[in-house]
Amino acid sequence: MDYGKNEVISENFEVQVLPAILSEDFETETVGWESSGAYDTWEWGVPTSGSKKAFSGEKVYATNPAGTYRNDSDMILSAPAIELPEGQARLQFKHWYELESYDYGSYDFAHVYVSTDKENWDSLAEFTG
Ligand SMILES: [Ca+2]
Ligand SMILES: [Ca+2]
């Protein structure tokens, strides 16, 4: 009953909470994360530029945690390969970014790709300035 003396009946739902297959807060030495590409400045550590803080703890993986990335950079940060069970999967992450842009568009882009064979990659998301 609520204050208006209306009876509220709601159904019961059962929610299954699945454990994360890969969870990373970058606070301790990372395993399996690799960077590559042109002018690769991906680095693990405490950011002193950009966001100047982490979403969790104090460490992050960032493109040059102490300054801007270089012009003509084309760099990749790869997560370790994981085995997914049958069915749907969800990728969830927190990120901070500041990409070079101008009045009518963006010079720089960031993408999130996934692959099942490390040869063919599907774009899940694209971010601009
Ligand atoms: Ca962290
Ligand atoms: Ca640029």
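The model is predicted. The secondary structure of the protein consists of eight strands and zero helices, and from the N terminus on its elements run β-β-β-β-β-β-β-β. With a radius of gyration of 20 Å, well over the 14 Å that the globule rule gives for 129 residues, the protein is more spread out than a compact globule.

**Overall form and surface**

- The C-alpha trace of the protein spans about 65 × 40 × 35 Å along its principal axes.
- Of the 129 residues of the protein, 14% count as buried, where buried means a relative accessible area under 20%.
- The accessible surface of the protein comes to about 11400 Å², and 48% of that surface belongs to carbon and sulfur atoms.
- Among contacts in the protein between residues at least 6 apart in sequence, 46% join residues that are at least 24 apart.
- Ile21, Leu22, Ile82 and Leu84 together make a nonpolar surface patch of about 350 Å²; of these residues, Ile21 lies in the segment before strand S1 (34–38) and is partly exposed, with a relative accessible area of 46%.

**Calcium ion (ligand 1)**

- The protein donors of the calcium ion (ligand 1) are Asp25 (O), Glu27 (OE), Ser56 (O), Ser56 (OG) and Lys59 (O), and they lie 2.3 to 2.9 Å from the ion.
- Along the sequence, the donor residues of the calcium ion (ligand 1) are spaced D-x1-E-x28-S-x2-K.
- Because Asp25 lies in the segment before S1 and Ser56 in the loop between strand S2 (42–45) and S3, this pair ties together parts that are 31 residues apart in sequence.
- Asp25 counts as partly exposed at 37% relative accessibility, and Ser56 is also partly exposed, with a relative accessible area of 31%.

- Asn71, in the loop between strand S3 (60–63) and strand S4 (74–78), and Glu100, in the loop between S4 and strand S5 (101–102), are 29 residues apart, and the pair links distant parts of the chain.
- Asn71 has a relative accessibility of 54% and therefore counts as exposed, whereas Glu100, at 36%, counts as partly exposed.

- Gly32 is placed in the segment before S1 and is partly exposed, with a relative accessible area of 38%.
- Leaving aside residues up to four places away in sequence, Gly32 touches Ser78, Ala79 and Pro80; the C-alpha atoms of Gly32 and Ser78 are separated by 8.1 Å, although the two residues are 46 residues apart along the chain.
- Thr128 is found in strand S8 (residues 122–128), and its relative accessible area of 34% makes Thr128 partly exposed.
- Thr128 and Gly45, which are 83 residues apart in sequence, are 24 Å apart in space from C-alpha to C-alpha.

**Residues with positive phi**

- Most residues other than glycine have a negative phi, and the following two residues are described against that background.
- Lys5, although not a glycine, has a positive phi of about 60°; Lys5 is found in the segment before S1 and is exposed, with a relative accessible area of 69%.
- Asp72, likewise a residue other than glycine, has a positive phi near 65°; its place is in the loop between S3 and S4, and Asp72 is exposed, with a relative accessible area of 65%.

Notes
Residues numbered from 1 in each chain as written. Chains lettered and ligands numbered in written order. Predicted model: local features only at pLDDT ≥ 70, side-chain atom pairs only at ≥ 80, totals over all residues. Heavy atoms only, no water. Helix = DSSP H or I, 4+ residues; strand = E, 2+ residues; numbered from the N terminus. Buried < 20%, exposed > 50% of the residue type's maximum accessible area, 1.4 Å probe, protein only. Patch = residues over 30% accessible without salt bridge, like charges linked within 9 Å, V, L, I, M, F, W, Y side chains within 5 Å. Areas by Shrake-Rupley, 256 points an atom, 1.4 Å probe, with all protein chains shown as cover. Salt bridge = Lys/Arg side-chain N within 4 Å of Asp/Glu carboxyl O. Contact = heavy atoms within 4.5 Å. Donors = N, O, S within 2.8 Å, 3.2 Å for Na, K, Ca; no water. Rg over C-alpha atoms; globule rule 2.2 N^0.38 Å.
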